[in-house]
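Please open the model in your viewer and keep the sequence panel beside it. The tour goes from one selection to the next.

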Amino acid sequence: KILRPYAEVMKGYCNFEDGDILFAKVYPCMQNGKHALVSGQPDGIGFGSTEFHVVRPGPEVCGRWLLHFLRQQAVLDAAAELFTGSVGLQRVPDSFLRSLSLSLPPLREQQDVAQALDRQLPIAQAAADTIREAMGLATDLHAAFFRSAFGPEPPLAAGATGSQALGKWRPLCTLARLESGHTPSRRHPEWWGGDIPWLALPDIRKLHGLIAHDTIEHTNDLGLVNSSARLLPVGTVCLCRDASIGFVTMLGRPMATSQHFCNWVCDPEKLDAEFLMYAFMASFDYLRELGSGSVLKTIYMPTIESFHISAPPLDEQVRIAGQLRHQLREARQLRTQLAERQSLIERLPQRILAGAFDAAD
């Protein structure tokens with residue numbers, strides 16, 4: 001609250017009194033339930049944005065009860081259907097609230113319902129806050145697992161670098177063969193729609209840290225023969241180098257990729273492919289910083305060719321990869337379970353409101 005002279009607010013503001021309800025007009029505030037019951041104003045009067053409708057309960061209406069009624073999803077959805085104005089500046093017209101009808105129980109019953117909702121809704125909100133916090137902690141598990149496996153510094157670097165927890169730095173190109181991707185011409189539809197998966201930007205975010213077994217688009221032998229696209233073997237580690245920099249997957253079947261990827265075919269006697277995928281994941285923030293360009297951030301090929309990796313002996317790589325595979329699987333399962341619970345809990349306030357007013361009807 002800010003105290004200002006009446007002369008400064010008498011024009012260009014909406015006025016309200018203690019006991020009034022402020023109903024947000026504008027998307028998305030209206031749909032997010034940004035409505036409030038006014039109380040504690042100096043002299044009982046206040047002024048505010050014109051982006052509120054002011055609802056003044058009559059003597060037979062409990063303000064808290066009416067506020068809860070207006071926050072129901074059914075009411076908010078009905079208001080949204082009557083939005084006026086252009087996208088981004090949509091508002092609920094006065095006519096919505098003027099024409100809104102409701103079944104009004106006796107005042108004492110309204111007060112009892114409002115008091116019950118005032119007790120129940122904060123508990124539901126606290127549960128929603130707790131589950132969101134748990135989701136954040138589950139997300140942080142990934143970073144903790146990578147720090148435990150690789151140490152505090154990224155296991156990948158562009159160019160020669162200093163020490164790293166896992167040991168000696170080696171040029172990645174001495175441990176794996178670098179392959180670029182390519183897109184067969186879209187002018188030849190006969191080069192598309194075959195049985196060869198083609199990894200592209202729309203695939204990579206869902207496949208991050210996972211084994212890729214299929215893609216949205218497929219090419220065919222004609223597409224490969226008539227372009228620079230190559231069929232890459234199982235186990236190839238595919239790192240996105242622009243648009244979705246740092247997202248990585250490993251091929252679970254032979255595939256081709258678009259030019260947005262740099263692809264590493266590991267020497268099986270020197271570098272474990274799964275270990276490399278996790279090393280890229282552990283270096284995600286560092287890789288994002290390597291991107292350059294004013295419009296589309298890209299890690300250019302000279303930088304990629306300079307990649308060095310800190311990798312222990314092969315048997316230790318396999319052990320680290322196996323441990324991370326198990327830990328990340330457990331973390332994904334935890335996030336899935338929490339997401340299911342979060343969906344239920346975040347719907348709880350509206351279910352409580354609907355139950356209260358359905359019972360009143």
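Select Arg108 and Asp112 to begin: both lie in helix α5 (residues 107–150), four residues apart, about one turn of the helix. Helices here are DSSP runs of H or I with at least four residues, strands are runs of E with at least two, and both are numbered from the N terminus. An α-helix has 3.6 residues a turn, so residues three or four places apart point the same way. Arg108 and Asp112 form a salt bridge, with 3.5 Å between the closest N and O atoms. The term salt bridge stands for a side-chain nitrogen of Lys or Arg within 4 Å of a carboxyl oxygen of Asp or Glu. Arg108 is exposed at 53% relative accessibility, and Asp112 is partly exposed at 36%. Buried means under 20% relative accessible area, exposed over 50%, and partly exposed in between, with a 1.4 Å probe and protein chains only.

Two notes on the model before moving on. This is a predicted model, in which local features need pLDDT of at least 70 and side-chain atom pairs count only at pLDDT 80 or more, while totals for chains, interfaces and linings use all residues. Residues are numbered from 1 along each chain as its sequence is written, and side-chain values use heavy atoms, leaving out hydrogens and water.

Next, select Glu274 and Arg325. Their salt bridge has its closest N and O atoms 2.7 Å apart. Glu274 belongs to helix α8 (residues 273–282) and Arg325 to helix α11 (residues 314–346), so the pair ties together parts that are 51 residues apart in sequence. Glu274 is buried at 12% relative accessibility, whereas Arg325 is partly exposed at 35%.

Stay with α11 and colour the whole helix. Its 33 residues reach 46 Å from the first C-alpha to the last, close to the 48 Å expected at 1.5 Å a residue; the expected span is 1.5 Å times one less than the number of residues. Which residues of α11 are buried? Among them are Gln317, Ile320, Leu324, Gln327, Leu328, Ala331 and Leu338.

Go now to Glu17 and Arg56. The structure holds 12 salt bridges, and one of them joins the side chains of Glu17 and Arg56 at 3.9 Å, N to O. Glu17 lies in strand β1 (residues 14–17) and Arg56 in the loop between β5 (52–55) and α2 (63–70), so the pair ties together parts that are 39 residues apart in sequence. Glu17 is partly exposed at 34% relative accessibility, and Arg56 is partly exposed at 47%.

Three strands form an open sheet in the order β3-β2-β5, with antiparallel pairing; two strands pair if DSSP finds at least two bridges between them. β3 and β5 stand at the edges with a single partner strand each, so one side of each is left without a neighbour in the sheet. The twist averages 20° from one strand to the next. Axes are lines fitted to C-alpha atoms, for helices over the stretch in contact, and angles run from 0 to 180 degrees between N-to-C directions.

Zoom in on β2 (residues 21–24). Ile21 and Phe23 point one way, Leu22 and Ala24 the other way, and all are buried. Three bridges pair β2 with β3 (residues 35–37), where Leu22 stands opposite Ala36. Four bridges join β2 to β5; here Ile21 stands opposite Val55 and Ala24 opposite Phe52.

Select the cysteines next. How many disulfides does a search of the whole structure find? The search finds zero, a disulfide being a pair of cysteine sulfur atoms within 2.5 Å. The sulfur of Cys262 is 8.6 Å from the closest cysteine sulfur, in Cys240, too far for a bond. For Cys266 the closest cysteine sulfur is in Cys238, at 10 Å, also too far for a bond. Cys262 is buried, with a relative accessible area of 0%, and Cys266 is buried at 15%.

The last stop is Ser258, in the loop between β14 (256–257) and β15 (261–266). Is Ser258 buried or exposed? Ser258 is buried, with a relative accessible area of 1%. Leaving aside neighbours within four places in sequence, Ser258 is in contact (heavy atoms within 4.5 Å) with Gly181, His182, Thr183, Trp198, Leu199 and Ala200.
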